[in-house]
Amino acid sequence: MSYPYQITSLEQYQEAYKKSLEDPEKFWQAVAENFQWRKKWDNVLSWNFSQPKVEWFSGAKLNITENCIDRHLAVMGDKPAIIWEPNNPEERTRVVTYNRLHKRVCQFAQVLKNNGVKKGDRVCIYMGMVPELAYAILGCARIGAIHSVIFGGFSAQSIADRLDDAQAEFIVTCDGAYRGGKDIPLKSVIDDALIGNKTIKKVIVYTRTRTPVSMIKGRDVWWEDEMLFAEDQLEKEGTINFPAAEMDAEDPLFILYTSGSTGKPKGVVHSCAGYMVWTTYTFVNVFNYQPGDIHFCTADIGWITGHSYIVYGPLSAGATSVMFEGIPTWPDAGRFWDIVDKYKVNILYTAPTAIRSLMGFGNGPLQGKHLDSLKILGTVGEPINEEAWHWYDENVGKKKCPIVDTWWQTETGGILISNLAGVTPSRPGWATLPLPGVQPLLVDDQGNEVQDKDENGYRKGNLCIKAPWPSILRTTYGDHERCRTNYFAAYPNLYFTGDGALQDEAGNFRITGRVDDVLNVSGHRIGTAEVENAINMHAGVVESAVVGYPHDVKGQGIYAFVIDSNTHGDEELTRKDILQTVTRIIGPIAKPDKIQFVNGLPKTRSGKIMRRILRKIAEGETENLGDITTLLDPAIVAEISKGRV
Ligand code: WT7
């Protein structure tokens, strides 16, 4: 495959950027010509951010799986689409060619149909990182069902809330999942999530770990049996095909839940055409993908990074995507490097938290690893500190691989701000320049564009985007008003990212982190309000306040201030009970790193918790806590500060 829209020089980038702003419709129409459509669009773009309503390529008909699979078969059928590396390095690798992927996705689409799934139905997918997860996702897309993948680290309660919010009728899961030395009993978590559920009709279970599971008659079916049956149904003269559903450009493709600053997670909805165009375009341009390159994105498909840069972007570009079931530190901290050498990986895309964690093991695990296939490195998920950037550059890239620092969000669907590998310059800690079509701007708290520069010539403000790019979120499932208030109401006619940023005189951006009450723990987004709600569920807890603090490996750690009614009890036990409660309600990823028991919280006279003060205390600041005279009980601050853990 060739990519006529591939940017190969700085001048070309500048040219493309300029054109994308002057005439966005013309620009994106030309890019969209490189995809397979059943029918082309009537209109390239119509939008307003006040409702919000955004439509890209409206009137067009397509199926994303024909772009990710079918269009490659004639010339690349035998090329690996997915190379799967098992958790246990002794186990056999699986290489899934485009032909094989086509067959499996068709079979699974038939399985879905046989089990009553129709276009528009919501299918929840809760699986480990096995190729069948990709078949399940693409099978849904083929039949036009809306998938909602839930990360394997979420608890039964979190799943139950998501199933309910999405009104999901089907689940695809595994008996269990392997992650490092652990077996996670996924089906049993699903069984707990389904107690009291009224919408789920069928659960399809793939066998991975052979852990015992309870299969409920009439509801639960085995993946393997269903696939064999579907194969027989579809088989005609040795080949099989399942006709892809014809989708409207703006039909929803998937829902992915993510945390916000208030209440329960939001179901971010992405649509078919815009998401496809953007993930493919950014995959090719940011990673400077060359046909034949082996691309290894280490994310879990339970997060947006895996959706966009393991599955949809690479496959639509006809690339070879490595999918890894395990974790970077098992059986030892050289695992990523072994995988790079084993498959001669050319592009490695990972998270700063993984880099920092591996850095902590020193250079021993790198001994004897070649890493000479690597051409391009990437990071995503949080700001990368310079120390980690240089370690990555020197020890992994051997100073010859450009590093792309890619800034984006679940809501943006794909990368919005990043250097382009080998094409535009990189700069440690800076995501640098926006992709064509992306118009970031910095505003102050009143919504005015920031003009003032500091002594370095940097502007500083809240990061907003002025106009839609093709894969902007379309709504939050079942509650459009929530989408509006969350993203489009803070500043009129702007999409607000929730991040703060700096911009230098050349236009480069450095993302400094969230400015709302959302934490970024090991690249995972966690709302402080959600963690507080979970802590408050524990019987002994009167009230709690959660803030983030700098953490060497995780980026941010979770610090909880807790008022405990059980003042004569065993603090250590209460602490453990709270951790257990959070694990039950959200999942182990949301467990506080530190819990401090306090007698009160710093509140204003109107009852609002002054988180600013708590953040400072959590960070270890004892002196400059700011103005505390407006507090109901200023004395509490000194007390909390003294008891810091
Ligand atoms: C938040 C989005 C998008 C994939 C993974 C996270 C932070 C993401 C960067 C980066 C600095 C970054 C932001 C953003 N973030 N990439 N390169 N530099 N910060 O997706 O869970 O939706 O989180 O991650 O704070 O808002 P997410």
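**Helix H13 and the end of it**

I started with H13 and noted that Ala388, Trp389, Trp391, Tyr392, Asp393, Asn395 and Val396 are buried there. The model I am reading is a predicted one. I then asked what covers these buried residues of H13. The cover includes H11, S18, H12, S19 and S20. Past the helix I found lysine 398, which follows H13 and has a positive phi, near 50 degrees. I kept in mind that most residues other than glycine have a negative phi.

**Helix H12**

H12 is on the list of elements covering H13, and I turned to it next. H12 spans residues 352-359 and is mostly covered, with 7 of its 8 residues buried. Which residues of H12 are buried? I wrote down Pro352, Thr353, Ala354, Ile355, Arg356, Leu358 and Met359. The buried residues of H12 pack against helix H11 (335-343), strand S18 (347-350), strand S19 (376-380), helix H13 (386-396) and strand S29 (555-564).

**The eight-stranded sheet**

I traced an open sheet of 8 strands, and its order is S12-S11-S8-S6-S7-S14-S15-S23. The pairing in this sheet is mixed. Which strands are at the edges? They are strand S12 (220-222) and strand S23 (475-476), each of which pairs on one side only.

S23 is joined by 2 bridges to strand S15, residues 266-271, and the two run antiparallel. In this pair I found valine 269 opposite threonine 475 of S23.

Further into the order I checked S6 against S7. Here 4 bridges join the strands, which run parallel. Arginine 122 stands opposite isoleucine 146 of S7. As background, strands of a sheet pair through backbone hydrogen bonds, either parallel or antiparallel.

Is strand S6 buried or exposed? I found 5 of the 5 residues of S6 (residues 122-126) buried, so the strand is largely enclosed by the rest of the structure. Both of its faces are covered: one side carries Arg122, Cys124 and Tyr126, the other Val123 and Ile125, and all are buried.

I looked up what H10 lies across. Helix H10 (residues 304-316) lies across strand S7 (146-149), strand S14 (252-258) and S15, and runs at about 145 degrees to S14.

H10 also meets helix H3 (residues 64-76): the two axes come within 8 Å and cross at roughly 55 degrees. That angle makes H3 oblique to H10. The crossing in which H3 passes H10 is left-handed. Which residues make the contact? From H3 I listed Ile64, Asn67, Cys68, Arg71 and His72, and from H10 Tyr312, Leu315 and Ser316. The contact residues divide into 4 nonpolar, 3 polar and 1 charged. For reading the list, I noted that an α-helix has 3.6 residues a turn, so residues three or four places apart point the same way.

**Cis peptide bonds**

The bond from glutamine 51 to proline 52 is cis, with omega near -10 degrees. Proline 52 is in the loop between strand S1 (43-48) and strand S2 (53-58). The bond from tryptophan 330 to proline 331 is also cis, with omega near -5 degrees. I placed proline 331 in the loop between strand S17 (320-324) and H11.

**Positive phi in loops**

I noted asparagine 288, which is not a glycine and has a positive phi near 50 degrees. Asparagine 288 lies in the loop between helix H9 (272-286) and strand S16 (294-297). Its relative accessible area is 17%, and asparagine 288 is therefore buried, the cut-off being under 20%.

Threonine 432 is not a glycine either, and its phi is positive, about 70 degrees. I found threonine 432 in the loop between strand S20 (403-406) and strand S21 (440-443). With 2% relative accessibility, threonine 432 counts as buried.

**Aspartate 593**

My last entry is aspartate 593, in the loop between helix H16 (571-585) and strand S30 (594-598). Aspartate 593 has a relative accessible area of 30% and is partly exposed. What is aspartate 593 in contact with, leaving aside its neighbours within four places in sequence? I listed Tyr549, His551, Lys554, Gly557 and Ile558. I also looked up serine 259, which is 334 residues from aspartate 593 along the chain; their C-alpha atoms are separated by 19 Å.

Terms used: Residues numbered from 1 in each chain as written. Predicted model: local features only at pLDDT ≥ 70, side-chain atom pairs only at ≥ 80, totals over all residues. Heavy atoms only, no water. Pairing = 2+ DSSP bridges. Contact = heavy atoms within 4.5 Å. Axes fitted to C-alpha atoms, helices over the stretch in contact; angles between N-to-C directions. Parallel < 35°, antiparallel > 145°, perpendicular 65-115°, else oblique. Left-handed = near helix turned anticlockwise from the far one by under 90°. Nonpolar A, V, L, I, M, F, W, Y, C, P; charged D, E, K, R; others polar. Buried < 20%, exposed > 50% of the residue type's maximum accessible area, 1.4 Å probe, protein only.
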